[in-house]
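Me: Hi! I'm new to this one. Could you walk me through it?

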Amino acid sequence: MDKGETLLEHMERQGMSRRTFLKYCASLASLMALPPSAAAAMAEALGKARRPSVIWLPFQECTGCTESITRSHSPSVEGLIFDMISLDYQETLMAAAGFQAEEALQNAMKENYGKYVLIIDGSVSTGMDGAYSCIGGRSNLDSLQEAAKGAAAIIALGTCASFGGIPKANPNPTGAVPVSDIIKDKPIINISGCPPIPVVITGVIAHYLTFGTVPELDKHGRPKAFYGETIHDRCYRRPFYDQGKFAKTFDDEGARNGWCLFELGCKGPITYNACATSKWNDGTSFPIQSGHGCIGCSEPDFWDAGGFYKALSTPANPLKYVAAAAVAGAAAGVAVSFANRARKQKAKSEHETATTSDLEK
Amino acid sequence: MTASLQKGINALKEVIDAPIASFFSSCVHCGLCAEACLFYTETGDPRYTPIHKLEPLKRVYKQEYTLLGRLAKMAGLSKPVTDEELESWSELVYDSCTMCGRCSMVCPVGNDLTYMIRKFREGMAVSGHAPQGIINATKRTVEEGGPMGLKWPAVQNVIKHQQEDSGLYIPVDQAGVDYLVLMSSMEIVNYPEYLGSLAKIFSKAGITWTLSSEAIEATNAGIQIGASDLAREIVSRIVNAAEKLRVKNVLSPECGHAYMAIRWEGPNLMGRPFKFEVVHVLELLDELRSKGVLKMKDKLKTPVTLHDPCQIVRRGGVLNAPETLLKEVVVEFRPMTDSNKWNWCCGGGGGASAIHEPEAEELRFKAFKRKKTQLEETGVNTMVTFCANCRITLEEGIDHYEMNTQLIGLTELLAEHLED
Amino acid sequence: MNEIQFLTWVRSTGLNIALGLFVLGMLWRLIEIYSLGRKQDMAPARSAAGASGWHTIFRRSLPPQGMMKSSPISYIGGYIFHVGLFVVVFFLAQHIKLVDSLLGISWPNLPAQVIDTVAVVTLAAMVLILADRINKPVKRFLSTFGDYLAWLLTFLPVLTGYLAVKHMVLPYTTMLALHILSVELLLVALPFTKLIHVFTLIGSRWYNGDISGKRGVPV
């Protein structure tokens, strides 16, 4: 694709109608809770947008986030959006390798200094000066600090980059931290999820391209447009929860009837994400619809938040110290009772048989 | 005189036990016990809430027998109980509590407040905070044999008169008989006919009996003031006499706290079961009635109501005999709204009637309004009761309010109408 | 600490501490109380139908003669809030799930709407009872800081539980965490406040019934 080509021109060349593009803009606007008028503005801006340079650095990650994007229903508008950006460095996807790849990275940073968008997936290892995760002999920590300097904005893609994710899970051997722990002077957009929803990724990029600004974020740095409500709030099984109808096992009557999965450990009530509305696989389904509870992957520390199959109301670590406490309590009680017995005995031994003169002072 | 705070606290430490600990731990400060206490209902003063009357005992319990309480005491967070405090509590523990036991019946968590008041008095008595009136009664009972200071020759005189009147022999110090008969000084002085009536009934029923020259007095001011050592001394006179005479039963007179003292507290004061049984006179009469020995020649025509003495009914367990007997001898019996084990106290039980300070008497008259209301609700002018102490208190109340109510003792009433 | 960490803490560490202190405190207090013992009653007991400690444990749950009339708020409000607490605590599906995961026993739950209603009624009854405590001279006179604290410790779990289920005031995660925390505070305080009556009232009623029962008086 020619660098000078706009997104609309590119799409038309690919055989996509203007109507489809407008529809995409409208749905994106509604998903991001923008006013209807924004759809037109968005279409216009996107249509004219030029390809910004994007540098994508993978750290302690599993490539799941990349899979999520690339395996999104293709060919799709989301896919085309990716065509629209100049993805100048993405280890997994780029053809170049070795020194060639590193050169591309250096070039992109130099050429677009102050303008490029930096996408990070994976957490940053800080243990042993970051030695746990290196690319081309440089630690991720080092690469991040260098790449962040020239970035206009940073997108922390996936739960690892946003909140530390699985690498940060207890006991966190590599000293993994989220991007936001390292970089304090750049706007950071956290797109959490393990992996995040493709349309959320492209939506944020579209927003950035359209308005040139970072969308409104929640207190975890996530775009409110996608993370404003819990899965539970928008879940189609919610009426069963309200009626107290719960599946008790994965193969009982309740499960077959599609009742609420709360008791099977669904983390929907505490998980902020758009799965229940945007769904996955081209809007086909999402975990709860497939019969499995939400595991809360877009929330900080979801891996350490109790078992996936334990209801939210149940404790993560039942009765761990109860036996010890019972022994301690019984010991305290018995100790006090011996002391009491001695006291009472003493009182009895000090008893002087009362006479009538003991009734008056 | 040798009362001291230290002796009082020591006595409390001796009597605090698991029930008291459980009761204090359970209290939720709901205040429902107040509704069962006539001193509260008739004055509306929250200080008369039964559980509040036990506040110093609660502190001693916590400070002495709970770990946190001891720590709080050491840290100065919980103040020790003082003489001044106990003195100010005297009114709450004696004047305004007759140990009637009604609060123990209503406490939702099951606290037996009366049990605790009785124990609290152990500490109050030996720390010198009992009211002078009860101290005097106790002294007289211990030192002179009875609360009225009655001597044996006077009793002999009564015996002589009753023998003459009834024409029946009244045995004294006779060993191996069925019943040793006890009386209260009050009865000997005011209702000596009681003795003659008993002689008549016993002779009819073929029951052998005796009086004891060593133990005629049944009342026990020691349990009212709350001095177990003195109560034991008093009750042991009866126990010794009964066991010396090898009687099968000891017959308690009507008097409420006398029955409590010998039937329920006695064995515990002595620390052993008795070798005889303790029977209340109404229990015996009811038994004779059911055997057909006790027959009435006629019935009282006027409608009557019944005042149930707390220590005999609610706290003593003589629940059915009084009513059954009363119905034998009256034409019309109208029970009070709260009757039997739910009856309201006369206001003078638990030693309260022995307190003669003007404030205490005034309080008693206020409390009597409850009985007055109960009486008025029945619409009758004759009230039967079976406790000498209730009778005195009721008479005082009736006089005070200038009521037109006649009081009759149940045994006396039965004796009057007994078949010749 | 974010809300997930907060929730995770109250569900694991917090709950462990609270349950531990509760069990420790309860055993300590119960042994402390009942090991004091009592003297054997030497008086020969009289027996009467319905007169025993066991009878009183149950009978005292009903208002004694004349008491309903003299203290309707205490009794009606008391019943509603005690029964309401019982229903909410033991028949909400989430709570049953908790017991199931702890002890492996479960029983049928009540529909969420029923629990919601009961919770609201319970809260209302508790507010009424608090008003009565402040309003009635006897109750106000007897009340200490501990009484108001105990009220608050009982009220908060119901309130936060209701708000959490209804997704009100605060985000669910935070409210659920606050709910669990409030229950933990209640558990820790229970052995050391008047809330211990939940257990000791059985002993107290038994003693009372036994003392009177030996004299042949059903109380």
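Reply: Happy to! One term before we start: two residues are in contact if their C-beta atoms, placed from the backbone, lie within 7 Å. Also, this is a predicted model.

Me: Thanks! How many residues of chain C are in contact with chain B?

Reply: On the chain C side there are 45, and they meet 49 residues of chain B.

Me: Which helices of chain C supply at least two residues each to that side?

Reply: Those are α1 (3–34), α3 (67–70), α7 (137–142) and α10 (197–213) of chain C. The largest share comes from α10(C), with 9 residues.

Me: And how do the residues on that side of chain C divide by type?

Reply: There are 19 nonpolar, 14 polar and 12 charged residues on the side of chain C that touches chain B.

Me: Switching to chain B: how many helices and strands are there?

Reply: Chain B has 21 helices and 7 strands. Its C-alpha trace spans about 75 × 50 × 35 Å along the principal axes, and 59% of its 420 residues count as buried.

Me: What does the radius of gyration of chain B agree with?

Reply: It agrees with a compact globule: with 420 residues, such a globule would have a radius near 22 Å, and chain B has 22 Å.

Me: Now chain A. Where are its domains?

Reply: Domain 1 covers 51–226 and domain 2 covers 231–304. Their centres, taken over C-alpha atoms, are 28 Å apart.

Me: How many residues of each domain are in contact with the other?

Reply: 14 residues of domain 1 of chain A are in contact with 14 of domain 2 of chain A. On the domain 1 side, α8 (158–163) and α11 (198–211) of chain A give two or more residues, and that side has 8 nonpolar, 6 polar and no charged residues.

Technical notes. Residues are numbered from 1 along each chain as its sequence is written. Chains are lettered from A and ligands numbered from 1 in the order in which they are written. This is a predicted model: local features need pLDDT of at least 70, side-chain atom pairs count only at pLDDT 80 or more; totals for chains, interfaces and linings use all residues. Helices (H or I, at least four residues) and strands (E, at least two) are DSSP runs, numbered from the N terminus. Ala, Val, Leu, Ile, Met, Phe, Trp, Tyr, Cys and Pro count as nonpolar, Asp, Glu, Lys and Arg as charged, and the others, Gly among them, as polar. The radius of gyration is taken over C-alpha atoms; the globule rule is 2.2 Å times the number of residues to the power 0.38. A residue is buried if 20 or more other C-beta atoms lie within 10 Å of its own, exposed if 12 or fewer, and partly exposed in between; C-beta atoms are placed from the backbone. Domain bounds come from an automatic or database domain assignment.
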